[in-house]
Amino acid sequence: IKGLSGHYWVVGVSEANMDVRCVLCKGSTYPTTLPRPVLTTVSIVLPLCEMGTEKSQLEGELLRLRLLPRDEGDRELSSTLIKMFALACKADRECRAFDIGTMLPNEHAIGMAITYASAMKRITLAEKLNEMAMERGESDEEEGDEEEEEEE
């Protein structure tokens, strides 16, 4: 908005594309009907610290993907989390890397993280992730057994 007297009249919001469709109202709070108002697309940027860094860009992408339904963004979510995991490993932040590892959605992504941690010679991190993956596998099996018992 260029002046203090300008406002935006919101017409639609797209969470998937992170943008807002609106009409710029100059000098009033409401849009005019004549001439016909022009729709403007304004992108939504999540307010994060240090937006110029790769870490902050990946965190913003992660927050955006968390807004999507689980099935739509699962592959992108895994990819973003693996990139964040790699950045944390390179920066010698094993606690952060482990926290990111706990957010990984499936066994394949966890396996990739374990492989990467081993390649970066972060053996304790790889062992912790392996233990976490085994615990997840056991809890998934228990949930599957409970569902079978409920069906009977």
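Strand β1 (residues 6-14) pairs with strand β2 (residues 19-26) in the antiparallel sense, over 8 bridges. Two strands count as paired here if DSSP finds at least two bridges between them, and the elements themselves are DSSP runs numbered from the N terminus, with helices (H or I) of at least four residues and strands (E) of at least two. This is a predicted model, in which local features need pLDDT of at least 70 and side-chain atom pairs count only at pLDDT 80 or more, while totals for chains, interfaces and linings use all residues. Residues are numbered from 1 along each chain as its sequence is written, and side-chain values use heavy atoms, with hydrogens and water left out.

Most residues other than glycine have a negative phi. Met18 is also buried, because its relative accessible area is 9%; buried means under 20% relative accessible area, exposed over 50%, and partly exposed in between (1.4 Å probe, protein chains only).

On its other pairing, β2 is joined to strand β3 (residues 39-43) by 5 bridges, and these two strands also run antiparallel. Here Val23 has Leu39 of β3 as its bridge partner. The loop between β2 and β3 holds Pro35, and the peptide bond leading from Leu34 into Pro35 is cis, with omega near -10 degrees. Most peptide bonds are trans.

The largest nonpolar core has 23 residues, and Phe85, Leu104, Leu125 and Leu129 are the ones with the most contacts inside it. A nonpolar core is taken as a set of buried Ala, Val, Leu, Ile, Met, Phe, Trp, Tyr and Cys residues joined through side-chain atoms within 4.5 Å. Two or more core residues come from each of α1 (54-67), α2 (74-90), α3 (94-103), α4 (107-119) and α5 (123-151). Helix α2 gives the largest share, 7 residues. What does Phe85 touch, leaving aside its neighbours within four places in sequence? Its partners are Ala97, Ile100, Gly101, Ala113, Tyr116, Ala117, Leu125 and Leu129, where contact means heavy atoms within 4.5 Å.

Polar pairings show up among the helices as well. Glu59 is found in helix α1, and its side chain makes a polar contact with the side chain of Arg96 at 2.9 Å. A polar contact is a pair of N or O atoms within 3.5 Å; within protein, one must be able to donate a hydrogen and the other to accept it, and residues adjacent in sequence count only if both atoms are side-chain atoms. With neighbours within four places in sequence left aside, Glu59 is in contact with Leu48, Met84 and Arg96.

Searching the whole structure turns up 5 salt bridges, each being a side-chain nitrogen of Lys or Arg within 4 Å of a carboxyl oxygen of Asp or Glu. Glu61, Arg64 and Glu76 are linked in a network of them. One of its links is between Arg64 and Glu61, with the closest N and O atoms 2.8 Å apart; both residues lie in helix α1, 3 residues apart, about one turn of the helix. Another joins Glu76 to Arg64, with the closest N and O atoms 3.5 Å apart. Since Glu76 lies in helix α2 and Arg64 in helix α1, this pair ties together parts that are 12 residues apart in sequence.
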